[in-house]
Amino acid sequence: MSAHFVRSQLIAPQESPRSDTGLSAWLRQRLFGGVLSTTATLLSALVLAASIWPTLRFLLIDAVWQGTSRTDCLAETVGRPVGACWPFVQAKFAQFMYGFYPADQVWRVNLTYAIGVALLVPLLIPRVPYKRVNAVLFFGVFPLLAFCLLVGGVFGLPHVETRRWGGMLVTLVITFTGIIGSLPLGILLALGRQSSLPLVRWSCVTFIEVWRGVPLITVLFFATYMLPFFLPESWKLDPLARVLIGVVLFAAAYMAEVVRGGLQAIPRGQYEAARALGLGYWRMMIFVILPQALKLVIPGMVNSFIALFKDTTLVLIVAIFDLLGQLRAAFADPNWATPVTLLTGFAFAGMIYFAISFAMSRYALYTERRLNTGIAH
Amino acid sequence: MTKVAFYNSPKVRSAIYQLAVVATIIWFGVEFAINAKANLDAQGVRFGFRFLDDPAGFGISQSLIAYSEQDTYRRVFYVGLLNTLLVSVLGIVFATILGFAIGLARLSPNWLLARLAGGYVELVRNLPLLFQILFWYLAVLIALPGPRQSIGLGVQPFLLAAADGFSWLERYGVPAAIAQSWRGLADWVGPPAIYLNNRGLIMPRALFGEGSGLVAAMLALAVVLTIGLRFWARRRQDATGRQFPIFLTALALVVGLPAAAFLVAGTPVSFEAPVLRGFNFVGGTRVLPEFTALLLALSTYTAAFIAEVVRAGVLAVPKGQTEAAMALGLRRGKVLRLIVVPQALRVIIPPLTNQYLNLIKNSSLAVAVGYPDLVAVFAGTTLNQTHQAIEIIAITMAVYLLISLATSLAMNIYNARTRLTER
């Protein structure tokens with residue numbers, strides 16, 4: 001005989017598991033999953049609110065938009081707490097953009113910008129054809145054109161001393177010269193570092209390591225105070241030109257390391273195949289290795305361009321007035337001395353610096369993704 | 001077989017190329033030397049390092065070693081170097097802590113926290129460092145109120161703010177006793193010991209009385225003992241498999257020994273709190289706003305880069321490693337400590353060192369706000385006074401180069417030691 005147990009009632013069906021899709025599941029998993037996560041969410045929200053709301057109030061809601069002098073930006077005149085004093089930026093705008101470039105010649109700067117943008121934009125879009133012509137125009141012809149336009153003294157354009165240049169103009173000139181100068185020099189140094197000739201290799205390694213081992217500010221001091229001693233007395237180097245030499249040498253050392261990464265990523269087979277075709281060193285490099293290597297390191301290059309762009313601010317320490325330098329000079333103007341002048345100026349310059357660096361870093365990310373899909377076959 | 005012309009032989013060619021390079025370098029060197037001699041003669045500057053023994057004759061606002069205006073330029077060099085090292089070391093400590101916290105927050109499963117950390121990294125990385133230094137210095141620290149309206153940094157202001165909040169809530173029926181008790185707590189905590197105003201950061205000063213040497217000696221002894229203990233515990237574990245609670249023992253040693261010495265020697269270390277008297281603070285020590293701005297900017301800027309390094313390092317450890325460790329039955333803490341962190345560190349350490357080097361080099365931006373670092377007092381003031389540009393800039397560059405090269409050397413050794421041994 002055996003014992004039996006038979007259930008006489010059905011078990012109530014279990015509730016369906018909580019969905020793991022949809023908004024509520026997302027909220028549960030990513031924002032309110034447990035005490036710790038909820039606390040983190042609340043604290044983050046607090047930090048966000050405490051930083052974004054006052055910023056918005058300062059920049060937009062409480063800001064003063066029209067005015068002609070400092071009194072328009074004082075809380076006593078406006079009758080409420082004031083935020084950003086935008087008339088200050090309006091009054092100083094020309095100074096921030098062009099320094100003390102003669103007002104009737106400013107069109108030359110703008111024309112240079114326009115030509116630069118017209119050449120740069122098609123270069124950055126991968127789909128646009130004629131890359132080679134475009135690159136030659138941008139890297140070869142444009143610098144000469146820009147030099148003639150900005151410095152003047154030819155084609156009936158009056159000469160403008162670099163002493164009068166300033167603001168964004170100087171920032172862009174230094175960045176652009178650094179890029180244009182450091183590319184060929186950096187490629188040569190990278191090739192030298194990989195060279196089989198020991199003396200060439202060691203000179204390049206020494207050059208690269210020395211420039212990379214010292215801060216940019218000492219390089220600028222070197223270019224400003226030490227370099228004139230080494231040149232013949234008759235060479236009266238312009239202060240801006242000295243700084244440009246320092247920046248180019250410094251940027252070239254960093255560029256060399258970026259390019260070296262690309263050269264090392266090219267498989268040996270490519271070198272051997274080029275040799276087997278009977279190409280000499282330079283032809284092998286120019287037609288086989290460098291086109292592949294340089295394409296690989298575009299993201300790295302753009303990243304070092306960002307670093308270069310941010311580093312241009314250092315020139316204010318050797319009395320070249322870039323955007324940040326002009327900003328600092330404008331702070332000293334008693335006609336615009338208000339409690340909000342400093343913050344307004346920093347907000348304005350900060351937005352410009354952020355916009356340009358951020359755009360460049362997004363472009364680096366975009367090329368990186370594009371290259372990644374190209375490699376994964 | 002046709003004979004190859006001698007100038008086409010690879011050996012001859014390489015010799016010619018190398019000779020050409022060396023000749024160019026020597027030519028540049030000679031040309032530079034001749035020009036330098038002519039220029040120095042024209043300006044009446046005598047080349048040499050003798051100027052280092054001349055009296056400097058200018059004051060320096062912050063110095064770790066005794067310094068007066070009668071001291072030599074050599075002393076100025078040491079003062080500047082120590083100030084550079086001070087801000088660098090503190091910057092590295094703060095940047096590491098902040099950077100690891102933000103890097104891990106970016107990896108948090110919490111969406112908002114990860115986004116917030118990401119926003120911080122993007123904002124800080126895309127603004128020039130000098131911009132940030134000037135912002136902190138000009139727009140924040142110098143713009144602070146004077147000593148009489150100093151901002152107290154401590155618990156009391158928060159407690160008082162909470163008490164005010166509760167008093168405001170009394171109109172909605174919250175009992176007055178709550179606000180009272182917060183106020184009582186604030187009184188019990190006492191006024192803050194750290195103040196911030198436009199003259200800097202005012203902090204309590206530690207006074208070391210007789211017998212504080214004993215405390216320091218005990219601390220050193222505890223550290224030595226801990227290292228020895230760790231060595232012994234590891235060997236025993238390798239030999240027998242038995243583990244030793246090393247962390248708790250080390251904690252007990254490092255805290256216990258100095259604490260015991262502190263009591264035995266009759267509490268030799270005391271703190272002198274700053275007190276507002278008249279228009280300024282009396283007592284305590286003052287940290288210059290230049291130093292605070294530089295340290296703040298360097299730490300927050302480098303932290304953004306370190307956060308990215310940490311994130312990449314943690315992401316580089318495959319998920320399978322965690323899962324395998326869990327499958328072996330290790331607890332979560334041990335999975336992190338024994339499996340994930342060691343592997344992530346192998347990826348993190350080299351770029352992290354690079355960031356440390358960047359921070360040390362970036363500390364030279366001190367000159368923009370007038371913090372007396374090596375570049376400001378030596379390559380700046382000393383150069384302007386003596387006009388010995390070649391020597392001074394060469395020395396300054398050599399110092400930074402030496403730090404960089406020493407670090408790369410240490411890095412290469414570390415990389416060789418931690419490299420995966422593959423068969």
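How many residues does helix α6 of chain B have, and how far does the helix reach from its first C-alpha to its last? I looked up α6(B), residues 176-189: the helix has 14 residues and reaches 20 Å, close to the 20 Å expected at 1.5 Å a residue. The expected span is 1.5 Å times one less than the number of residues.

Ground rules, before I go on. This is a predicted model, where local features need pLDDT of at least 70 and side-chain atom pairs count only at pLDDT 80 or more, while totals for chains, interfaces and linings use all residues. Residues are numbered from 1 along each chain as its sequence is written, and chains are lettered from A and ligands numbered from 1 in the order in which they are written. Helices (H or I, at least four residues) and strands (E, at least two) are DSSP runs, numbered from the N terminus.

**Entry: a helix pair in chain A**

I checked how α5 (residues 106-124) and α6 (residues 131-151) of chain A pack. Their axes are 10 Å apart, at an angle of about 175°. Axes here are lines fitted to C-alpha atoms, for helices over the stretch in contact, and angles run from 0 to 180 degrees between N-to-C directions. α5(A) and α6(A) are therefore roughly antiparallel to each other; the label needs an angle over 145 degrees, with under 35 as roughly parallel, 65 to 115 as roughly perpendicular and the rest as oblique.

Next I listed who meets whom. From α5(A) the residues include V109(A), I115(A), G116(A) and L119(A), and the α6(A) residues they face as a group include F138(A), F142(A), L145(A) and A146(A). Contact means C-beta atoms, placed from the backbone, within 7 Å. By class, the contact of α5(A) with α6(A) has 15 nonpolar, 3 polar and 1 charged residues. For the classes, Ala, Val, Leu, Ile, Met, Phe, Trp, Tyr, Cys and Pro count as nonpolar, Asp, Glu, Lys and Arg as charged, and the others, Gly among them, as polar.

**Entry: the sheet in chain B**

I traced an open sheet of 4 strands in chain B, in the order β1-β2-β3-β8, with antiparallel pairing. Its edge strands are β1 (151-153) and β8 (285-287), each pairing on one side only. The twist averages 25° from one strand to the next. Strands pair if DSSP finds at least two bridges between them.

Where does β3(B) find its partners? β2 (residues 194-197) is joined to β3(B) by 3 bridges, running antiparallel, and N197(B) stands opposite G200(B). These two strands form a hairpin with 2 residues between them. β3(B), residues 200-203, also pairs with β8(B) in the antiparallel sense over 3 bridges, where M203(B) stands opposite T285(B).

**Entry: where the chains touch**

The contact takes 45 residues from chain A and 50 residues from chain B. On the chain A side, α2 (34-61), α8 (198-213), α9 (216-230), α14 (323-331) and α15 (341-375) each supply at least two residues. α15(A) gives the most, with 10 residues. I also noted the classes for the side of chain A that touches chain B: 31 nonpolar, 10 polar and 4 charged residues.

**Entry: two residues of one helix**

I looked at W282(A), which lies in helix α12 (residues 281-296) of chain A. W282(A) counts as exposed, with 9 C-beta neighbours inside 10 Å. The cut-offs: buried if 20 or more other C-beta atoms lie within 10 Å, exposed if 12 or fewer, partly exposed in between, with C-beta atoms placed from the backbone.

M285(A) is also found in α12 of chain A. M285(A) is partly exposed, with 19 other C-beta atoms within 10 Å. Leaving aside neighbours within four places in sequence, M285(A) is in contact with L191(A) and L290(A). L191(A) is 94 residues from M285(A) in sequence and 8.8 Å away in space, C-alpha to C-alpha.

**Entry: positive phi outside glycine**

A319(A) has a positive phi, near 65°. I found A319(A) in the loop between α13 (298-311) and α14 of chain A, exposed with 10 other C-beta atoms within 10 Å.

H387(B) has a positive phi too, near 60°. H387(B) sits in the loop between α12 (374-386) and α13 (389-418) of chain B, and counts as partly exposed with 15 C-beta neighbours inside 10 Å.

Methods: Contact = placed C-beta atoms within 7 Å.
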